[in-house]
Amino acid sequence: MMVLPIVIAVVVIIVLILIFTNIQIVPQAHEYILEVLGKYKSTWKAGIHVKVPFFSRIVKKVSVKEQVLDTPPQPVITKDNVTMQIDAIVYYHIYDSKLYTYGAAEPIVALANLSATTLRNIIGGMTLDEALTSRDVINARLTELLDVATDPWGIKVTRVELKNILPPDEIRHAMEKEMKAERDRRQTILEAEGHKQAVITRAEGDKQAMVLAAEGERDARIARAEGEAKALKLAKEAEAAGLRALREAGADGTVIELKRFETMQKIADGKASKIIIPTDLMTSVSKNVVFSETTGIGDTTSEAEPEEVQIPEDPCCKDKIFR
C-alpha cells in the first residue's frame, strides 16, 4: 500500500519535469524552427511555447534583426588589367526563417562567396578610373544582384558598401603624381585668371575715374556758364527796369543814354574791362553838355545874381535897343 503513493508521486514529478523542460520562451526579434519526427512543423515567434517531448525538437534558432557581413579583402582585376584589393560590407536581415533554415546549408558563407564573385564581375567591366569614381554605381548594382540571388535563402540584402579600394603601390604613386600635377595646373590657371581680373578691374577703375573727372569738369563749366548767363540776364533786366522807370518819369533820350552809360560802368565794376561807347551816344552827351552850359538848363549848381551890364550908347544907333 505504501508503494503506490510513491509511484504516483514519482510519475507526477517526472511529468512536471518533462513539462517544464519542454516549455520554450522565444525572445523578441528571434524565431525558432520546430520539427516533429524530423519534419518541419511550425515557426515559433516571440512568446511562450510548449513542445511535445520525445517527438518534436527545435532545429534552428534564427535572429531576424539586421546583421552585417564584413567580407575580407580580395583581389579584383579591372578592365584595363589592374589588380586591386577590395572589401565590402553587406547589410542583411532574415525575413523567412524556414527558407533560411532549409534553403542553403550555410547561407552566410554562401552570401559571402556570392558577394565576392558578383563584385569581381562588376569591377571586371570597369576601368581603374571608373572603379575609383563609381562607388555609388557599384554599391547599387551589388545590392540589386545580391538581393535577387538570396531570395530563395530567406535573406533580404538591404545595402552593400565598398569599404576599401586599394590599387597597387606603383599605380597609387602615379595617381598621386598626376593629382599633384593637376593641382599645380589649376593653381597656375587660377593665378593667371586672378592677375587678368586684377588688370581688367584696374583698367576699368581708371576708365571710370577719367569719365567721372570729365563729367565733373563738364558740369562745372555748365554751372559757370549758367551763372554768368543768369548774372548777365539779371543786369540786363535791371538796366531795362531803370530805363523803363526813366521813361515813365518823362526823361528824354539823352538822359536815358547817360543812364545806360552809367549802367555799363557798373557792369565793368572797376575791373580791367574794355567798354566801347557808340558814337551817337557820345554826340548826344556832348550836345547835352553844350546845351546845358549855354542855356543853364540842367545845371544843378547854384547861380549868382546876374550883374547889370552897362552898354555905351552908340551915336549911330541911338534909337535901337540892344537885345
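The side chains of Lys156 and Asp147 come together in a salt bridge, with 2.9 Å from N to O, in what is a predicted model. Elsewhere, salt bridges with shared partners connect Glu182, Arg185 and Arg186 into one network.

A further salt bridge brings together the side chains of Arg141 and Glu144, at 3.6 Å from N to O. Both of these residues belong to helix H5, which covers residues 135–149, and they are separated by 3 residues, or about one turn of the helix. An α-helix has 3.6 residues a turn, so residues three or four places apart point the same way. Arg141 counts as partly exposed because its relative accessibility is 39%, and Glu144 is likewise partly exposed, its relative accessible area being 47%.

The structure holds 13 salt bridges, and one of them joins Glu66 to Arg159, where the closest N and O atoms are 3.8 Å apart. This pair links distant parts of the chain, since Glu66 sits in the loop between strand S5 (56–63) and strand S6 (67–70), while Arg159 is in strand S9 (residues 155–166), 93 residues apart. Glu66, with a relative accessibility of 45%, counts as partly exposed, and Arg159 is also classed as partly exposed, at 39%.

## Helix H3

Helix H3 runs over residues 107–124, and at 1.5 Å a residue its 18 residues should span 26 Å; the C-alpha atoms at its ends are 25 Å apart, which agrees with that expectation.

Which residues of H3 are buried? They are Pro107, Leu111, Ser115, Ala116, Thr118, Leu119, Ile122 and Ile123.

## Strands S1 and S4

In its pairing with strand S4 (residues 47–50), S1 runs in the antiparallel sense, and the two strands are joined over 4 bridges.

How values were computed: Residues numbered from 1 in each chain as written. Predicted model: local features only at pLDDT ≥ 70, side-chain atom pairs only at ≥ 80, totals over all residues. Heavy atoms only, no water. Pairing = 2+ DSSP bridges. Expected span 1.5 Å × (residues − 1). Buried < 20%, exposed > 50% of the residue type's maximum accessible area, 1.4 Å probe, protein only. Salt bridge = Lys/Arg side-chain N within 4 Å of Asp/Glu carboxyl O.
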